[in-house]
Amino acid sequence: MSGIRSVTRGIGSYLPEHILTNAALSERIDTSDEWIVQRTGICQRHIAAEGEYTSHLGLVAARRALEDAGMDAQDIDLIILATSTPDQTFPATSATIQAELGITQGAAFDVQAVCSGFVFALTTADAHLRTGAFRRALVIGAETFSRILDWKDRGTCVLFGDGAGAMVLEAIPESEANGAGVLTSHLRTDGRHRHKLYVDGGPSTTGTAGHLRMEGREVFKHAVGMITDVIEDAFAATGESAETIDWFVPHQANRRIIDASAQKLGIAPEKVVVTVDKHGNTSAASIPLALDVAHKDGRLRKGDLVLIEAMGGGFTWGSALLRW
Ligand code: UT7
């Protein structure tokens with residue numbers, strides 16, 4: 001479009017120290033390791049410490065992404081944070097992260113698309129970079145869902161965890177990109193489904209933060225169809241396919257949703273990056289966390305074609321294809 005490509009320069013992540021296992025959970029509520037593993041694939045999740053906020057998680061992930069990119073915070077002129085669990089209603093948590101990084105130039109703002117947040121943030125960053133208005137972006141997904149869970153509701157509290165992931169994107173001339181960068185992205189929202197996954201509070205309604213509520217079976221019913229539709233859009237836009245991608249890095253909500261989506265699309269199981277067993281569902285943080293795991297363990301390499309997707313509250317859903 002503009003002759004500019006947004007290319008990935010670095011990735012980083014952070015998980016809080018405390019691990020909450022299924023066994024520990026089953027001492028607190030009427031559940032079992034067997035039920036959780038069988039229905040979701042989740043074995044454990046990380047929980048933020050008291051006084052450890054979304055901005056703290058996001059900041060560590062951002063610093064690690066900058067280090068991976070070999071860049072200084074001063075190189076960044078755009079920060080987009082995807083989160084549904086901000087430190088405060090306002091200012092945007094990205095403003096806190098910006099200040100902690102010592103950055104005073106450019107812009108920082110939050111986007112809120114729940115579990116699809118990272119795909120929405122990446123797409124927004126890519127669009128801004130391609131206008132030429134910004135040079136280097138930090139795209140962060142950071143969440144402390146443990147703070148909005150109803151710990152008495154076994155249908156939801158076993159599913160989520162805390163964490164953060166961040167990516168550095170740089171705008172470079174397409175002619176120098178060697179095919180790398182964000183190749184396509186596709187975002188969708190259908191607000192008719194907003195009551196199936198929501199938080200029962202907010203500044204304008206109850207004046208409280210509220211708790212997460214979900215009709216799990218309803219979400220599950222829509223998930224695979226929505227995910228596969230938007231991935232087919234990405235394939236149609238680029239001519240790529242289940243065969244040509246190197247890695248499928250889906251939002252990590254439920255192992256059954258991941259497996260069913262991969263199977264429907266014909267993506268080989270060995271191409272699927274799975275972290276839901278260890279991280280649980282970290283909402284907007286799950287994709288950059290999974291990307292970082294695959295990067296650190298050597299699976300994800302320069303030139304690889306990476307497919308990301310997510311679906312969540314709203315409903316929102318989206319996909320993107322990146323050449324690493
Ligand atoms: O990030 C994007 C948004 N979230 C999702 O993608 C989540 C989508 N949904 C799901 O992953 C699944 O629907 C769940 C994992 C939430 C639930 O699995 P399910 O197979 O749909 O179970 P269900 O809700 O139909 O519940 C089956 C049974 C119920 O008992 P009865 O009514 O059959 O007697 C529940 O009360 O399992 C019971 N149950 C539990 N039992 C033990 C629900 N939660 C638990 C639990 N431990 N934690």
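The stops below cover the nonpolar cores and then the ligand site of this predicted model.

**The largest nonpolar core**

Begin by selecting Ile245, Phe248, Ile267, Leu307 and Met311. Within the largest nonpolar core, which has 42 residues, these five touch the most other members. Next, colour helix H7 (216-238), helix H8 (255-265), strand S12 (305-312) and strand S13 (316-323), the elements that each give two or more residues to this core. Helix H7 supplies the largest share, nine residues.

Now centre the view on Ile267. Leaving aside residues up to four places away in sequence, Ile267 touches Ala242, Ile245, Phe248, Ala262, Val272 and Leu307.

**The second core**

Select Ala82, Val119, Ala121 and Val182 next. These residues are among the members of a second, separate core of 33 residues.

**The ligand site**

- Arg217: an N or O atom of its side chain is 2.5 Å from a ligand oxygen atom.
- Asn281: the corresponding distance, from a side-chain N or O atom to an oxygen atom of the ligand, is 2.8 Å.
- His251: a polar side-chain atom lies 2.9 Å from an oxygen atom of the ligand.

To end the tour, show the ligand surface: the ligand taken alone exposes 960 Å², of which the protein buries 75%.

Technical notes. Residues are numbered from 1 along each chain as its sequence is written. This is a predicted model: local features need pLDDT of at least 70, side-chain atom pairs count only at pLDDT 80 or more; totals for chains, interfaces and linings use all residues. Side-chain values use heavy atoms; hydrogens and water are left out. A nonpolar core is a set of buried Ala, Val, Leu, Ile, Met, Phe, Trp, Tyr and Cys residues joined through side-chain atoms within 4.5 Å. Buried means under 20% relative accessible area, exposed over 50%, partly exposed in between (1.4 Å probe, protein chains only). Helices (H or I, at least four residues) and strands (E, at least two) are DSSP runs, numbered from the N terminus. Contact means heavy atoms within 4.5 Å. A polar contact is a pair of N or O atoms within 3.5 Å; within protein, one must be able to donate a hydrogen and the other to accept it, and residues adjacent in sequence count only if both atoms are side-chain atoms. Accessible areas come from the Shrake-Rupley method with a 1.4 Å probe; for residues, only the protein chains shown count as cover.
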